[in-house]
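Student: I have a new structure to read. Where do I begin?
Tutor: Let us look at the model together and take one feature at a time.

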Amino acid sequence: MHAYNDSIQDVLAALNVSSGGLTSDEAAERLASYGENRLLEEQKISLWKLLIQQFNSVLVWLLLFAVLVSLFLGDVLESEVIVFILVVNGVIGFLQEYRAEKALGALKKISGFQARVLRDGHLQKVDTSQLVPGDVILLETGDRVPADGRLIECMNFDTQEAMLTGESAPVEKRTDAVAGDAPLAERFNMVYSGTVVARGRAKAVIVATAMQTELGRIAELLSGDEESHKSPLQQKLNHFSRRLALVVIGAALLIFFLTWLSGEDVLETFKTAISLAVAAIPEGLPAVVALTLARGVQKMVRSNALVRHLPSIETLGSSSVICSDKTGTMTMNRMSVRAVYVPGRETNLLDGKPEGGIDTDIALMMHIGALCNDARLEDDGKVFGDPTEVALLGSALHNIMAQPDLQRHYPRVNEIGFDSDRKMMSTLHDGPEDELVMYSKGAPDVLLERCTAAMLGGEVVELDEKMRYAILERNKAFASNALRVLAFAWKPVLSDDGFTEEGLIFSGLQAMNDPPRPEVVEAVRMCRDAGIKVVMITGDQKLTARAIGRELGITGRAMTGAELEDRADIGTIIEDVSMFARVSPEQKIRIVKAFQEKGHVVAMTGDGVNDAPALKQADIGVAMGRGGTDVAREASTMVLVDDNFASIVKAVEEGRAIFDNLRKFVFFLLSSNISEILIIIVAVVVGLKLPLVAIQILWVNLITDGLPALALGFEPKARDIMKRPPMEKAAFIVNAPMVIRLAVVSAVITIGSLGLYLSVLFGSGWSWGAPLDGDGSVYIHASTMAFTGLVCFEMVNAFLARSETLSVFRMSMFSNPWMIGAVTISIALQALVLYSPLNDAFRVAALSLQDWGLILLVSSSLVVVDILFKRLLSGRMQK
């Protein structure tokens with residue numbers, strides 16, 4: 001049964017009830033059959049499961065392996081440091097994600113109030129959970145609708161359905177049957193659970209309760225067993241970790257066999273191979289990622305965005321499509337007069353004031369709009385009432401006297417209320433000189449039929465056909481731009497008998513809509529420059545969507561939910577459509593999935609219950625903090641405090657910066673680790689005694705490399721970050737240009753470190769192939785040069801890693817003070833090892849100034865190579 005498509009009699013007959021409602025016994029029987037009017041609650045997520053999820057990644061497994069190996073080798077400090085990093089990372093993630101799965105709990109909050117229902121022939125108040133299909137309920141202004149119902153009677157009845165349909169204006173209701181294919185927003189004879197009565201009174205028979213309501217249907221979409229989405233960052237880190245695991249295992253086996261075959265001690269060979277394997281695992285990566293993302297969260301709070309799931313910042317930075325709700329996000333979420341027309345003159349309003357100034361005719365029209373009006377101005381300056389009437393009152397307040405003054409000088413003495421048949425409203429007022437005056441507003445075509453004269457230049461003139469035609473054409477022009485138009489008229493009334501809606505004097509037209517936020521136009525332009533497609537999804541009409549889209553700079557086709565329903569495969573046209581109007585919650589999910597199947601990373605914004613399923617489906621759901629529902633907020637991963645689309649663009653910029661810094665950190669870490677592995681492999685292959693021992697390798701990776709790596713997470717974002725195309729969903733953290741750069745940098749560090757090692761050996765008179773005493777001063781001096789040279793190379797590399805394209809001389813040295821501090825501390829710690837009793841534990845010796853000079857000279861060669869590489873790369877990119 002489609003209750004909206006059937007007559008009232010047919011609906012009542014199908015429910016086996018009269019307009020007087022059920023008996024208590026019938027209600028009890030139906031309650032036993034249908035169950036309580038409550039939404040099913042999703043099983044709460046286990047806190048233990050949520051905690052365990054924080055450790056479910058390949059990288060964490062690698063680090064746990066490193067802990068076991070370190071314990072086996074007796075390196076307790078190494079194990080403790082890695083465990084600490086893992087715990088910190090897990091706690092940060094757990095705290096951020098604790099509230100990520102509570103959408104249905106918020107939906108359930110909508111229940112739990114009382115409703116007025118007819119039972120046993122008289123009015124009763126019952127808990128909404130006890131309502132059943134067939135109950136007849138009474139509704140009035142301010143009530144929340146407790147279940148889906150078919151209207152039986154209504155009087156000047158409007159409901160606010162934005163939470164379900166996305167349409168900003170209240171919906172005028174009536175009792176007539178509507179077409180069977182009417183979308184939800186056009187079922188004018190229905191009321192829906194969770195919506196609010198904006199005006200009037202009504203009687204309705206309940207046709208659906210609990211999970212059978214439109215709200216329940218959305219709850220099912222939220223609780224469906226959908227595949228949980230890993231963020232692009234999580235996917236890329238897991239891919240990176242799997243590849244790294246293979247490389248680590250291969251390198252460890254190769255080093256062990258080569259060193260063993262060269263005649264080195266088996267135990268020392270094993271320890272060196274395992275140490276290198278552990279060193280190759282980026283112990284600091286989870287912590288750096290967590291801290292970088294957490295810092296991004298703090299920055300986003302200052303940009304009015306609250307992030308509930310850390311990786312979602314980077315996800316937004318990878319977004320190639322942003323599907324945004326229109327009302328309140330891209331627009332102001334309040335009706336505003338945009339243009340006015342009086343006979344002979346049209347003008348736009350700028351900041352609420354006519355561009356050409358106020359004349360007598362415009363002032364009179366605004367005067368009528370403020371008095372033939374039920375909106376009210378409170379003492380605190382806030383205006384309450386129907387959005388259209390609030391807009392009219394606002395326009396008057398900006399340009400003529402305040403409402404209280406108007407009401408004092410022109411008190412209302414009678415009225416003819418608005419109804420859907422007449423499509424107009426009239427009020428009678430007592431003027432300052434005790435004359436009666438009537439003011440009317442309504443649909444232009446209807447009101448114009450009742451006018452015989454018009455205002456022109458402050459004078460009353462005859463309303464001839466030419467003037468009538470001009471007014472109707474102006475009305476059409478306004479309507480074609482998706483503006484809601486009301487006409488205004490007046491007449492003097494000599495007595496109460498003259499209070500009729502005939503013989504009116506036409507005053508003018510006021511055209512209004514929900515205007516775009518000024519900053520959103522620039523935000524849309526930034527998205528376009530950044531290669532991000534902006535898609536507007538709205539519950540409004542297609543014409544409105546197209547007009548607002550045009551103002552915002554959104555280009556592309558507009559499509560309705562009905563047109564979408566007629567297409568089996570929308571993947572073929574999805575790239576061409578930028579505006580969707582009158583869409584259902586299921587269709588929003590379908591739109592998001594269609595973009596995802598095309599390889600896009602999709603961000604979805606919304607504020608209503610109807611948006612929640614799509615928010616959950618999207619790669620990142622962004623809910624509204626002010627005007628949004630609890631349901632939308634709980635289904636999202638990010639909440640905009642100011643409900644502003646422009647804040648999303650700021651978040652995109654921050655997300656891109658985070659991924660940039662993550663790539664810089666990975667490059668720095670891998671170039672260091674690869675260099676260490678190559679130094680050992682090359683030394684073994686050419687028959688040299690190992691220039692580095694296990695403890696030196698672990699020191700470099702955990703201490704001297706750790707701080708500069710963290711500092712790279714604080715690198716300021718590049719100036720051109722919003723001029724680049726989005727990162728492809730399948731793109732790897734380590735791409736082809738980075739591989740080439742890694743090879744070049746690692747080769748320079750390897751050659752330089754081995755060169756320092758050999759320079760001491762040859763300088764001491766050593767000849768190739770001669771044995772070396774592992775405890776001798778020559779070997780320890782040479783090993784110290786290689787060890788310290790490696791540290792200095794990596795400090796230089798940390799500065800070079802700050803940009804993938806700019807040379808160190810084109811970057812401000814002081815734009816990242818964290819890097820200066822990190823390198824300074826790392827060098828100081830290295831000096832502590834060299835010039836303190838720790839040198840015995842690390843098997844190093846104190847170096848002379850001449851040694852330091854040679855080390856600095858050799859390590860600075862990396863700067864020259866980096867400049868040449870980036871210049872060559874830049875030239876190839878320009879070609």
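Tutor: Start with a term. Helices and strands here are DSSP runs, numbered from the N terminus. A helix needs at least four residues and a strand at least two. Keep in mind that this is a predicted model.

Student: Then where is alanine 210?
Tutor: Alanine 210 sits in the loop between strand 7 (196-208) and helix 8 (214-223).

Student: What is the phi of alanine 210?
Tutor: The general idea first. Most residues other than glycine have a negative phi. Alanine 210 has a positive one, near 50°.

Student: Is alanine 210 buried or exposed?
Tutor: The cut-off for buried is under 20% relative accessible area. Alanine 210 has 10%, so it counts as buried.

Student: Which loop holds alanine 482?
Tutor: Alanine 482 is in the loop between helix 17 and strand 20 (484-493). Its phi is also a positive value, near 60°. With a relative accessibility of 13%, alanine 482 is buried.

Student: What about helix 17 itself? Which residues does it span?
Tutor: Helix 17 covers residues 465-480, and asparagine 475 is part of it. Asparagine 475 has a relative accessible area of 17%, so it is buried.

Student: Which residues does asparagine 475 touch?
Tutor: Set aside residues up to four places away in sequence. Asparagine 475 then touches Pro444, Val485 and Leu509.

Student: Now the whole protein. How many helices and strands does it have?
Tutor: The protein has 32 helices and 27 strands. It has 879 residues, and 54% of them count as buried.

Student: How do I read the contacts across the protein?
Tutor: Look at how far apart the partners are in sequence. Take contacts between residues at least 6 apart: 71% of these join residues at least 24 apart.

Student: How do I read a pair of strands?
Tutor: Ask for the direction and the bridges. Strand 1 (residues 114-119) pairs with strand 2 (residues 122-127) in the antiparallel sense, over six bridges. Glutamine 114 has aspartate 127 in strand 2 as its bridge partner.

Student: What lies between strand 1 and strand 2?
Tutor: Two residues separate them, and the two strands form a hairpin. Aspartate 120 is in the turn, with a positive phi of about 55°.

Student: And a sheet? In what order do the eight strands of the open sheet run?
Tutor: The order is 8-27-26-25-9-22-24-23, with mixed pairing. Strand 8 (305-307) and strand 23 (557-560) each have a single partner strand, so one side of each lacks a neighbour in the sheet. From one strand to the next, the twist averages 20°.

Student: In which sense do strand 9 and strand 22 pair?
Tutor: Strand 9 (residues 321-325) and strand 22 (residues 533-538) pair in the parallel sense, over five bridges. Cysteine 323 stands opposite valine 535 in strand 22.

Student: Back to strand 23. Which residue is in the loop between helix 19 (542-552) and strand 23?
Tutor: Glycine 556 is in that loop. At 46% relative accessibility, glycine 556 is partly exposed. Its contacts beyond four places in sequence are Asp576, Ser578 and Met579.

Student: How far apart are glycine 556 and arginine 546?
Tutor: They are ten residues apart in sequence. From C-alpha to C-alpha, they are 9.2 Å apart in space.

Student: Last, the surface. Which residues make the nonpolar surface patch?
Tutor: Ile674, Leu678, Val682, Val685, Val686, Phe762 and Trp768 make a patch of about 580 Å². Helix 24 (residues 645-685) gives the largest share, four residues.

Student: Where does phenylalanine 762 belong?
Tutor: Phenylalanine 762 is in helix 27 (residues 736-763). Its relative accessible area is 43%, which means that it is partly exposed.

Definitions and conventions
Residues are numbered from 1 along each chain as its sequence is written. This is a predicted model: local features need pLDDT of at least 70, side-chain atom pairs count only at pLDDT 80 or more; totals for chains, interfaces and linings use all residues. Side-chain values use heavy atoms; hydrogens and water are left out. Two strands pair if DSSP finds at least two bridges between them. Axes are lines fitted to C-alpha atoms, for helices over the stretch in contact, and angles run from 0 to 180 degrees between N-to-C directions. Patches are made of residues with over 30% relative accessible area and no salt bridge: like charges are joined within 9 Å, nonpolar side chains (Val, Leu, Ile, Met, Phe, Trp, Tyr) within 5 Å. Accessible areas come from the Shrake-Rupley method with a 1.4 Å probe; for residues, only the protein chains shown count as cover. A salt bridge is a side-chain nitrogen of Lys or Arg within 4 Å of a carboxyl oxygen of Asp or Glu. Buried means under 20% relative accessible area, exposed over 50%, partly exposed in between (1.4 Å probe, protein chains only). Contact means heavy atoms within 4.5 Å.
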